[in-house]
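Hi,

Here is the structure I promised to pass on. Have a look at it first, and then read my notes below.

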Amino acid sequence: MRWAEIPWLSRSEAGGGALQLAERLLEASLDAVKPAPFLNRRLPEITTEFSAQWCSVYKRTPQWTRIAESGRRGFDDIPQQFLDEALDRDAGGFYGATLADEWRFLAAPLGAGRSSTGDLLLMAGRNLSDNVLAAAVAVGRVLGVCLGIVERHAKNLDRLERLAE
């Protein structure tokens with residue numbers, strides 16, 4: 001069986017789109033040299049995959065600081081307590097609106113140890129639902145691994161430049 005024939009990769013399979021996105025993120029991380037451009041190029045893909053209107057990466061420093069974002073931010077403030085809870089529990093979460101036209105939020109710690117650095121993937125949209133939370137947590141974990149790869153690559157390039165001087 002070839003990789004492309006694996007049934008999990010089918011968009012009709014639950015999680016198939018998220019698995020394809022994870023593969024694209026991992027492949028892109030191998031060629032990226034700086035975290036900010038990597039996020040600026042990849043967050044639009046995540047936004048599209050989840051049909052969100054807005055997607056970002058935040059870091060708690062101890063205040064929440066936006067590292068990168070994509071899409072249209074149509075709300076005033078992020079739900080900071082919701083982000084605190086997601087990071088403190090090291091678990092993804094859904095913050096739903098009570099009215100149909102209000103914004104909904106998905107948060108997922110950036111995985112593989114990055115949640116200890118205070119990094120979160122945050123998405124917002126009027127049509128987001130908790131049925132994509134598992135996929136968001138998986139993509140957040142992969143995105144954390146990708147950022148680790150990109151950061152190591154950037155450090156290695158800096159070392160090579162210093163040695164070449």
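**What I found**

Thr 47 is buried, with a relative accessible area of 7% (buried means under 20% relative accessible area, exposed over 50%, partly exposed in between, with a 1.4 Å probe and protein chains only). This residue sits in helix 2; helices (H or I, at least four residues) and strands (E, at least two) are DSSP runs, numbered from the N terminus. Leaving aside residues up to four places away in sequence, Thr 47 touches Ala 52, Gln 53, Trp 54, Cys 55 and Ser 70, where contact means heavy atoms within 4.5 Å.

Before the rest, a word on the source. This is a predicted model, in which local features need pLDDT of at least 70 and side-chain atom pairs count only at pLDDT 80 or more, while totals for chains, interfaces and linings use all residues. Residues are numbered from 1 along each chain as its sequence is written, and side-chain values use heavy atoms, with hydrogens and water left out.

**The chain as a whole**

The protein chain has four helices and five strands, and from the N terminus on the order is α-α-β-β-α-β-β-β-α. Of its 165 residues, 41% are buried. Taking contacts between residues at least 6 apart in sequence, 55% join residues at least 24 apart.

**Helix 1 and its two partners**

Helix 1 (residues 16-31) packs with helix 2 (residues 35-49) at an angle of about 175°, and their axes are 11 Å apart. Axes here are lines fitted to C-alpha atoms, for helices over the stretch in contact, and angles run from 0 to 180 degrees between N-to-C directions. Helix 1 is therefore roughly antiparallel to helix 2 (angles under 35 degrees count as roughly parallel, over 145 as roughly antiparallel, 65 to 115 as roughly perpendicular and the rest as oblique). On the helix 1 side the contact is made by Gly 17, Ala 18, Leu 21, Arg 24, Leu 25, Ala 28 and Ser 29, which meet Phe 38, Arg 42, Glu 45, Ile 46 and Glu 49 of helix 2. Sorted by class, the contact of helix 1 with helix 2 holds six nonpolar, two polar and four charged residues. For the classes, Ala, Val, Leu, Ile, Met, Phe, Trp, Tyr, Cys and Pro count as nonpolar, Asp, Glu, Lys and Arg as charged, and the others, Gly among them, as polar.

Glu 45 of helix 2 is worth a click. At 19% relative accessibility, Glu 45 counts as buried, and its side chain is joined to that of Arg 24 by a polar contact of 2.7 Å. (A polar contact is a pair of N or O atoms within 3.5 Å; within protein, one must be able to donate a hydrogen and the other to accept it, and residues adjacent in sequence count only if both atoms are side-chain atoms.) Not counting residues up to four places away in sequence, Glu 45 touches Leu 21 and Arg 24.

What about helix 4 (residues 133-164)? Its axis and that of helix 1 come within 9 Å and cross at roughly 5°, so helix 1 is roughly parallel to helix 4. From helix 1, the residues in this contact include Leu 21, Leu 25 and Leu 30, and from helix 4 they include Val 139, Ile 149 and His 153. The contact of helix 1 with helix 4 divides into 13 nonpolar, two polar and no charged residues.

In helix 3 (residues 80-89), the buried residues are Phe 82, Leu 83, Ala 86 and Leu 87. They lie on the same side of helix 3, because they cover an arc of only 130° around the axis (the arc of the directions from the helix axis to the C-beta atoms). They pack against strand 1 (54-60), strand 2 (64-71), strand 3 (93-95), strand 4 (104-109) and strand 5 (119-125). The face turned away from the buried side carries the exposed residues Gln 81, Asp 88 and Arg 89.

Arg 60, in strand 1, is partly exposed at 26% relative accessibility. Its side chain makes polar contacts with the side chains of Asp 84 (3.2 Å) and Asp 88 (2.9 Å).

**Backbone spots to check**

- Thr 61 and Pro 62 are joined by a cis peptide bond, with omega about 0°; Pro 62 is in the loop between strand 1 and strand 2.
- Ser 51, in the loop between helix 2 and strand 1, has a positive phi near 55°.
- Asp 90 follows helix 3 and also has a positive phi, near 55°.
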